[in-house]
Amino acid sequence: MSKAAIEFTGVKKSFRNKFVVNEVSFTVASGECFGLLGPNGAGKSTIARMVLGMTRPDAGKITVLGEPMPERGRLARKGIGVVPQFDNLELDFTVRENLLVFGRYFGMSTRSIEAIIPSLLEFSRLESKADARVADLSGGMKRRLTLARALINDPQLLVMDEPTTGLDPHARHLIWERLRFLLARGKTIILTTHFMEEAERLCDRLCVLDHGRNIAEGSPHTLIEEHIGCQVIEIFGGNPQELSSLIRPYVQRIEVSGETLFCYAPDPEQVRVQLRGRADLRYLQRPPNLEDVFLRLTGLELEK
Amino acid sequence: MGEAFAAVLPANAWNWAAVWRRNYLAWKKVALASILGSLADPMISLFGLGTGLGIMIGRVEGTSYIAFLAAGMVATSAMVASTFETIYAAFSRMHDRRTWEAILYTRLTLGDILLGELAWAATRALLAGAAIAFVAAVLGYAAWPSVLYALPVIALTGLAFASLAMIVAALAPSYDYFVFYQTLVTTPMMFLSGAFFPLTQLPGALQQVGRFLPLAHSIDLIRPAMLDRPADGIALHIGALCIYAVLPFFISTALFRRRLMR
């Protein structure tokens, strides 16, 4: 890994006297995929906007691709591609026209844009849709076009705000596959997400945000090992209070979320013995994941 | 703060053209409907009022009423075209279509975007105004070739009104507020600027108000050009229109920076 693509040092931002980003520091190395994981309102999008130089921090220092932000945002943005949370494609334009118009915003000539359009269409699997109006595309196709658009200036860094929110599983997997392809080619990605599966699959490292604070940082694997480190049994269907006292002696820790009991069990067999014969209950044993980390750290469930 | 403001001003003298070209491409797809739409209303007014009232009024300032009115219509339609383009079309690109947001991801600045939008609104104004001037010239209500002098003035009028309307767009929370600008600012301005009747018909105090209005400066340049008469105070009128084009640009840039880049 060479030098840092993004550096946040003690960054603060408040709106109407309420901190949305509070003393956040992190570094994204070039070539890695870094995730900002947290529920809605945790400050993810504000951080993404600050990376782009669209929001000025109240305090702290931000450097992106070696440029201080937001002062030199225009320079940094030459090397950045953006996939926003809400599609802002040109609905009345064709796929090709969208790419053409966007390339011009980077000062590219019509000829040089037209030269790279075929490879962008191929990358986004939209070859057959080149002359279709964007309004007629499916949600997944629009997202892929937004991704192709973000690559028009051959950026080093991709900033993605909830890249797969609102997509069906098939479309989501296709986006993930495309992002891994970009990572393999050495691009740096920073993405915000509230899907722990997305974070686990794509991110080399991530930070968990809650109420604007960076509450944990590391690789998904390390975070899971450090904070959970044992099998999880989810139990639902019974009275959480009663179950809790039944099982507590056999587990490391129990979290109750809604009507579900999360039991962190170094020896899951002992728990299963207790549950045997209880037809009213349903349970499932699984390896720990980032959602457990989040639940552990905040006592809150990630929104699905 | 000064440094932050400087960072959103136009980055260079040509970046805005990319925004203009984007709007041109969108317009080309609906060009015919757009041209007919922006021509129909002023044409109907011109012939309706011009022939109907013209019979009762007779001659005004030494010309037929319809020829007098034609110059007012050219300036007014330039004002209306660029105002509409700004408060409805540009506002929708900023607000619900998020087009500006996408452009801000690129190397363009907010100032580049605003300049592109203003240039585009001025282009629309030029199309609308020139079409009426052309029809008037063909029908003999405007002098050829002196009517050509009106063209740059029409474009400048469009630029000035787009620039003013951009402040309104920057301040308005939603579309509902634009009707105030139209009914309280642009519509009264038509009556105070000599578009439909000579300013000398107004009480003295209102005549004084008229001297400061951008539409009045525009008409004072366009009418002599269309009637092939010598114009007074050309530099003053052009200067006034330039001030109306330039000053609001900086105000709206500052307002949009506060709105979009918090």
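Predicted model: local features only at pLDDT ≥ 70, side-chain atom pairs only at ≥ 80, totals over all residues.
Modeller: Residues are numbered from 1 along each chain as its sequence is written, chains are lettered from A in the order in which they are written, and side-chain values use heavy atoms, with hydrogens and water left out. Local features need pLDDT of at least 70, side-chain atom pairs count only at pLDDT 80 or more, and totals for chains, interfaces and linings use all residues.

Colleague: How many residues does the contact take from chain A and from chain B?

Modeller: Chain A gives 28 residues and chain B gives 27, where contact means heavy atoms within 4.5 Å. On the chain A side, Met54(A), Arg74(A) and Tyr105(A) lose the most area to chain B, together 26% of what that side buries.

Colleague: What describes two packed helices?

Modeller: The angle between their axes and the distance between the axes. Axes are lines fitted to C-alpha atoms, for helices over the stretch in contact, and angles run from 0 to 180 degrees between N-to-C directions. Helices are DSSP runs (H or I, at least four residues), as are strands (E, at least two), numbered from the N terminus. In chain B, helix H4 (residues 65–94) packs on helix H6 (residues 110–138) at about 150°, with the axes 8 Å apart. H4(B) is therefore roughly antiparallel to H6(B); angles over 145 degrees count as such, under 35 as roughly parallel, 65 to 115 as roughly perpendicular and the rest as oblique.

Colleague: At what angle do H4(B) and helix H7 of chain B cross?

Modeller: At roughly 40°, with the axes of H4(B) and H7 (residues 150–171) coming within 8 Å. That angle makes H4(B) oblique to H7(B). Residues of this contact include Phe91(B) of H4(B) and Phe161(B) of H7(B). They divide into 15 nonpolar, five polar and no charged.

Colleague: What should I expect of phi and peptide bonds?

Modeller: Most residues other than glycine have a negative phi, and most peptide bonds are trans. Here Met69(A) and Pro70(A) are joined by a cis bond, omega about 0°, and Pro70(A) is in the loop between strand E5 (67–69) and helix H2 (73–77) of chain A. The bond from Trp144(B) to Pro145(B) is also cis, with omega near 5°. Asn17(A) has a positive phi, near 65°.

Note on methods. Buried area = accessible area lost by both parts, 1.4 Å probe. Nonpolar A, V, L, I, M, F, W, Y, C, P; charged D, E, K, R; others polar.
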